[in-house]
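Here is a short report on one protein structure. Look at the sequence and the fold first, then read on.

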Amino acid sequence: KKIMSAVTDSDNTIRFAEEKPGISNLLSILSVATGRPIAELEMQFDGQGYGVFKKTVAEATVEMLRPIRERYTELMKDKDYVLNVLKEGAEAAQKTAYKTLAKVYRKVGFLERPR
């Protein structure tokens, strides 16, 4: 929906140019999503309208993000696992933060904070 409503211009020419930021952005997205160079994409859509182009960008983006969305859906089914990963990450971050803070306190000349 967002891609289909992306701002373009009245030129209706699909090319990467500074004066065409909307189309240039969509070309960049399509290039990343498909792994194809922008120049090749410009040639592919030469003479075609924005509707066909935007639909292709949207479909390629959906396909690129599909594995991420599927993994997210899978993870969200196991809330206990997610909460455990968050807890372990917080503990690891806290340990690193205490070490760093203790080092700063020593260098500045403050008394080390008790844990």
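**Core.** The model is predicted. Its largest nonpolar core has 13 residues. Those with the most contacts inside this core are Ile 14, Ile 23, Leu 27, Leu 30, Phe 53 and Val 57. Helix 1 (21-34) and helix 3 (50-76) each supply at least two residues of the core. Helix 3 gives the most, with five. In soluble globular proteins, nonpolar side chains tend to be buried together.

Take Leu 30. Leaving aside residues up to four places away in sequence, Leu 30 touches Gly 35, Leu 41, Phe 45, Phe 53, Thr 56, Val 57 and Ala 60.

**Helix 3.** This helix has 27 residues. From first C-alpha to last, helix 3 reaches 36 Å, close to the 39 Å expected at 1.5 Å a residue. A kink of about 45° lies at Arg 66, shortly before the proline Pro 67. The buried residues of helix 3 are Tyr 50, Phe 53, Lys 54, Val 57, Ala 58, Ala 60 and Thr 61. What covers them includes helix 1.

**A buried lysine.** Lys 54 lies in helix 3. Which side chain of opposite charge is nearest to Lys 54? The nearest is Asp 9, 9.4 Å away. Lys 54 is buried yet has no salt bridge. A salt bridge needs a side-chain nitrogen of Lys or Arg within 4 Å of a carboxyl oxygen of Asp or Glu. Not counting residues up to four places away in sequence, Lys 54 touches Ile 3, Met 4, Ser 5, Ala 6, Thr 8 and Leu 26.

**Salt bridges.** The count comes to seven salt bridges. Among them are these:

| Pair | Closest N to O |
|---|---|
| Asp 11 and Lys 20 | 3.5 Å |
| Glu 19 and Arg 15 | 3.1 Å |

How exposed are the partners? Lys 20 is buried, because its relative accessible area is 2%, under the 20% cut-off. Arg 15 is partly exposed at 30%, and Asp 11 is partly exposed at 39%. Glu 19 is exposed, because its relative accessible area is 55%, over the 50% limit. Salt bridges that share partners join Asp 9, Asp 11, Arg 15, Glu 19 and Lys 20 into one network.

Terms used:
Residues are numbered from 1 along each chain as its sequence is written. This is a predicted model: local features need pLDDT of at least 70, side-chain atom pairs count only at pLDDT 80 or more; totals for chains, interfaces and linings use all residues. Side-chain values use heavy atoms; hydrogens and water are left out. A nonpolar core is a set of buried Ala, Val, Leu, Ile, Met, Phe, Trp, Tyr and Cys residues joined through side-chain atoms within 4.5 Å. Buried means under 20% relative accessible area, exposed over 50%, partly exposed in between (1.4 Å probe, protein chains only). Helices (H or I, at least four residues) and strands (E, at least two) are DSSP runs, numbered from the N terminus. Contact means heavy atoms within 4.5 Å. The expected span of a helix is 1.5 Å times one less than its number of residues. The bend at a residue is the angle between axes fitted to the seven residues ending there and the seven starting there. Lys and Arg count as positive and Asp and Glu as negative; His and the chain ends are not counted.
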